Amino acid sequence: MHVLVTGATGYVGSAVVRELIGAGHTVTGLCRSEEKAAGMKEAGAEAVYGTLNDLDTLRSAAAAADGVIHLAFTNDFSDFEGALALDLQAVQTLGAALEGSGKPFITTAHANGTAVDQAVLAMAERNIRASIVSLAPSVHGEGDKGFVPMMINIARAKGFAAYIGEGTNRWPAVHRLDAAVLYRLALESAPAGSRLLGAGDEGIPLSQIAEVIGRQLNVPAVSITSEEAAAHFGFLGAIAALDITSLYDTAQASLATRELLGWTPVQPGLIADLEEGHYFA
């Protein structure tokens, strides 16, 4: 299958490109520049240059592909509504190019569900095999710049690794290479309208994460109150307090995804990944 991947040079996208090529697919990746495309080309993919604003480029590249994995997002949290509007426009353009073809269209769910997610699921009614992947909030591995590295930096700066209360609130996690396999399997066989969950670890207590960070940095792991969390973690405080597994049935959704696609995570879990030390180099 020849696959268009947007966000092909990103943290998850670059792993998806290599996974697709390793499984025998060919890839065209949307890139902003020749410099950005270097690693992707080294993996054996072709490049098409443009951004999510370049609708003609998106349309023609999608029409020439056998399927699309849409991973690009501006991540402009200073104008999140604008970023969502741009993403919706891109999704609608890509979908129009695939309409009536039965080809797969795979994208990543936005937090709390959005018009973008609804537009993707509605593609099933237009003979597009569309599905949405919800990734665990911690997508870990080499190059991670997400929540866990932020916690590490805070612990390093403040001299202790914090968790809130007893630290029993849980975070699901998935290794980026396992996530890449999930996107490939979704492309190859997910039924139209599928909602899929990428979680290798279904829920890790925050206290365990803090304890590993503390050991690696040689600082104590300390319980703080919910009132202290905002000052300690900054904007991360609200997220650090969540039991994310309670927002949806992680275990059931994870099992359903594994059974549907035969997805079996094989990479190290988050705690084992942290113990390897590369997060602290």
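Predicted model: local features only at pLDDT ≥ 70, side-chain atom pairs only at ≥ 80, totals over all residues.

Me: At what angle do helix α3 and helix α4 pack?
Reply: α3 covers residues 55-63 and α4 covers residues 80-98. α3 passes α4 in a right-handed crossing. Their axes lie 8 Å apart, and the packing angle is about 35°.

Me: How many residues of the contact of α3 with α4 are nonpolar?
Reply: α3 brings Leu55, Leu58, Arg59, Ala62 and Ala63. α4 brings Gln89, Ala90, Thr93, Leu94, Ala97 and Leu98. Two of these residues are polar and one is charged; the nonpolar ones number eight.

Me: Why do the buried residues of α9 line one face of the helix?
Reply: Buried here means under 20% relative accessible area. Ala229, His232 and Phe233 are buried in α9, while Glu227, Ala230 and Ala231 on the other side are exposed. The buried residues line one face because, seen down the axis of α9, they fall within an arc of 80°.

Me: Which elements do the buried residues of α9 pack against?
Reply: α9 spans residues 226-233, and glycine 234 follows with a positive phi near 70°. The buried residues of α9 pack against α6, β8, β12 and α10.

Me: Which are the edge strands of the open sheet of three strands?
Reply: The order is β7-β9-β11, with mixed pairing. An edge strand pairs on one side only. That holds for β7 and β11.

Me: Which residue in β11 stands opposite tryptophan 171?
Reply: β9 and β11 run antiparallel, joined by three bridges. The residue opposite tryptophan 171 is isoleucine 204.

Note on methods. Residues numbered from 1 in each chain as written. Heavy atoms only, no water. Axes fitted to C-alpha atoms, helices over the stretch in contact; angles between N-to-C directions. Helix = DSSP H or I, 4+ residues; strand = E, 2+ residues; numbered from the N terminus. Left-handed = near helix turned anticlockwise from the far one by under 90°. Contact = heavy atoms within 4.5 Å. Nonpolar A, V, L, I, M, F, W, Y, C, P; charged D, E, K, R; others polar. Buried < 20%, exposed > 50% of the residue type's maximum accessible area, 1.4 Å probe, protein only. Arc of directions from axis to C-beta. Pairing = 2+ DSSP bridges.
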